[in-house]
Amino acid sequence: MNHTEHYHDWLRDAHAMEKQAESMLESMVNRIDNYPDLRARIEQHVTETKHQITVLEEILERNDISRSVLKDSMSKMAAFGQSIGGMFPSDEIVKGAIGGYVFEQFEIACYTSLLTAAEKAGDTASIPAIEAILAQERDMADWMIKHLPQTTGQFLLRSDANGVEAKK
């Protein structure tokens with residue numbers, strides 16, 4: 001594979017990753033009942049993620065790259081599996097917040113590599129869009145880690161109270 005082929009493959013991966021993120025975030029936000037700050041920030045990131053998918057589709061189209069339906073489908077199935085797995089633990093909100101932060105870091109790493117690949121492949125027109133997506137992912141990761149103590153503390157308080165649901 002040459003630089004351009006790697007870049008195109010990684011763009012398809014990024015699209016599949018964002019489709020997975022969209023599924024995971026929507027599932028998570030629909031299950032959050034008692035943590036309004038976290039719910040609001042995830043709702044905001046769902047909107048950002050949907051826009052990121054559109055931007056990536058524009059980049060794919062501009063570069064005449066077919067999307068991988070298989071990768072998109074597999075990502076959606078993986079996201080569904082993760083959302084089902086998160087329904088049962090008594091501490092699902094904390095595990096979900098930690099998992100969300102980890103996923104954001106994964107996205108940051110992917111977009112950091114994708115920027116270099118775009119440059120090496122000569123797709124300078126896409127660099128500002130990729131940088132904008134990367135900034136959104138960094139903002140979300142920063143928010144998640146900054147608010148993890150608050151989410152954890154709220155969970156612990158709720159878990160100590162009789163008759164109060166803490167997990168979501």
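A: Starting at the N terminus, the elements of the protein chain follow the order α-α-α-α-α. The chain has 5 helices and 0 strands, where helices (H or I, at least four residues) and strands (E, at least two) are DSSP runs numbered from the N terminus. This is a predicted model, in which local features need pLDDT of at least 70 and side-chain atom pairs count only at pLDDT 80 or more, whereas totals for chains, interfaces and linings use all residues. Residues are numbered from 1 along each chain as its sequence is written, and side-chain values use heavy atoms, with hydrogens and water left out.

Q: What share of the 168 residues in the protein chain do buried residues make up?

A: Buried means under 20% relative accessible area, exposed means over 50%, and partly exposed lies in between (1.4 Å probe, protein chains only). In the protein chain, buried residues account for 43% of the 168 residues. As for contacts, meaning heavy atoms within 4.5 Å, 81% of those between residues at least 6 apart in sequence join residues at least 24 apart.

Q: How should I read the length of a helix, and how far apart are the end C-alpha atoms of H2?

A: The expected span of a helix is 1.5 Å times one less than its number of residues. For H2, the 27 residues should span 39 Å, and the end C-alpha atoms are 39 Å apart, which agrees. H4, with 30 residues, reaches 42 Å from its first C-alpha to its last, close to the 44 Å expected, and H5, with 34 residues, reaches 49 Å, close to the 50 Å expected.

Q: At which residue does H5 bend?

A: The bend at a residue is the angle between axes fitted to the seven residues ending there and the seven starting there. H5 bends by about 45° at histidine 147, and proline 149 follows within four residues. Histidine 147 counts as buried because its relative accessibility is 16%. Between histidine 147 and alanine 97 there are 50 residues in sequence but 9.0 Å in space, C-alpha to C-alpha.

Q: Which residues have the most contacts inside the largest nonpolar core?

A: In soluble globular proteins, nonpolar side chains tend to be buried together. A nonpolar core is a set of buried Ala, Val, Leu, Ile, Met, Phe, Trp, Tyr and Cys residues joined through side-chain atoms within 4.5 Å. The largest one here has 23 residues, and those with the most contacts inside it are Tyr7, Leu11, Tyr111, Leu114 and Ile130. Two or more residues of this core come from each of helix H1 (3-31), H2, H4 and helix H5 (127-160), and H4 gives the most, with 7 residues. Leaving aside neighbours within four places in sequence, isoleucine 130 is in contact with Tyr7, Ile59, Tyr111, Leu114, Leu115 and Ala118. Apart from this core lies another, of 16 residues, among them Leu25, Met28, Tyr35 and Leu148.

Q: How many aromatic pairs are there by the rule for rings?

A: Rings of Phe, Tyr and Trp (its six-membered ring) pair if their centres lie within 6.5 Å; planes under 30 degrees apart count as stacked, over 60 as edge-to-face and the rest as tilted. The count comes to 1 aromatic pair. Phenylalanine 103 and phenylalanine 106 form this tilted pair, at 6.2 Å centre to centre and with 40° between the planes. An α-helix has 3.6 residues a turn, so residues three or four places apart point the same way. Both phenylalanines lie in helix H4 (residues 92-121), 3 residues apart, about one turn of the helix. Phenylalanine 103 counts as buried, at 13% relative accessibility, whereas phenylalanine 106 is partly exposed, with a relative accessible area of 46%.

Q: Where is the place of asparagine 63, and what does its side chain reach?

A: A polar contact is a pair of N or O atoms within 3.5 Å; within protein, one must be able to donate a hydrogen and the other to accept it, and residues adjacent in sequence count only if both atoms are side-chain atoms. Asparagine 63 sits in the loop between helix H2 (36-62) and helix H3 (69-85), and asparagine 63 is partly exposed, with a relative accessible area of 21%. The side chain of asparagine 63 reaches the backbone oxygen of isoleucine 59 at 2.9 Å and makes a polar contact with the side chain of aspartate 123 (3.0 Å).
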